[in-house]
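Please consult the sequence and the structure shown below.

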Amino acid sequence: MPRTTDGEGAPVPQRLLAAATRLFAEQGYDRTSVQEIVEAAGVTKGALYHYFGSKDDLLHEVYARVLRVQQERLDAFADADEPVEKRLRAAAADVVVTTIENLDDAMIFFRSMHHLSPEKNKQVRAERRRYHERFRALIEEGQQAGVFSAATPADLVVDYHFGSVHHLSTWYRPDGPLSPQEVADQLADLLLRALRP
């Protein structure tokens, strides 16, 4: 059975994911071989196949790990004992920050999602839908309470915000004039202004 850590204690699955993420971002998913990934991670193909059944599994995990974090954080914001406007703003800003913090993952995913197997593609779409539905529920809660305008359907508001989030990897640069939090604050404020009654 493959070791779970290398000599320095770094978990093998994390090393494989880090190597795959870097290579997918630099070369593209379809131009990266399994051999390149295992060489970059300093492990054998047997170790890769022990933790990940295929290169497809690695691609899925690149995105799924970020989405898991974002879902946990959204659930915490949504369940907080705060006014709905404050909860929505926190959630809207958080998804921007966590996307920027994982920009390679987001870029890889949107460039390479079509390479996923039909089963994994369906799974990812279901995970994203769950996230968007929880986000939409916050908007609908505010609309029903009269805190937010109901002039624009909640689904369209969700698409508006996540359209901005999904394009971050095309223009955001870490050495640019705005920090991740500044971008997050600007986009969250735009969302709330759009919902003002």
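Is the crossing of helix 1 and helix 2 left-handed or right-handed?

## Basis of the model

The model is predicted: local features need pLDDT of at least 70, side-chain atom pairs count only at pLDDT 80 or more, and totals for chains, interfaces and linings use all residues. Residues are numbered from 1 along each chain as its sequence is written, and side-chain values use heavy atoms, with hydrogens and water left out.

## Helix 1 and helix 2

The crossing is right-handed, a term for the near helix being turned clockwise from the far one by less than a right angle. Helices here are DSSP runs of H or I with at least four residues, numbered from the N terminus, and strands are E runs of at least two.

Helix 1 (residues 12–27) packs against helix 2 (residues 34–41) at an angle of about 125 degrees, and their axes are 8 Å apart. Helix 1 is therefore oblique to helix 2; angles under 35 degrees count as roughly parallel, over 145 as roughly antiparallel, 65 to 115 as roughly perpendicular and the rest as oblique. Axes are lines fitted to C-alpha atoms, for helices over the stretch in contact, and angles run from 0 to 180 degrees between N-to-C directions.

## His60

His60 belongs to helix 4 (residues 55–79). With 9% relative accessibility, His60 counts as buried (under 20% relative accessible area; exposed is over 50%, partly exposed in between, with a 1.4 Å probe and protein chains only). Apart from neighbours within four places in sequence, His60 is in contact (heavy atoms within 4.5 Å) with Leu116, Lys120, Gln123, Val124 and Glu127.

## Annotated domain

In an unreviewed entry, UniProt lists residues 10–70 as "domain: HTH tetR-type"; positions follow the numbering used here, feature names are shortened, and annotations may be inferred rather than shown by experiment. Over residues 10–70 the chain is 77% helix and 0% strand, with the end C-alpha atoms 24 Å apart.
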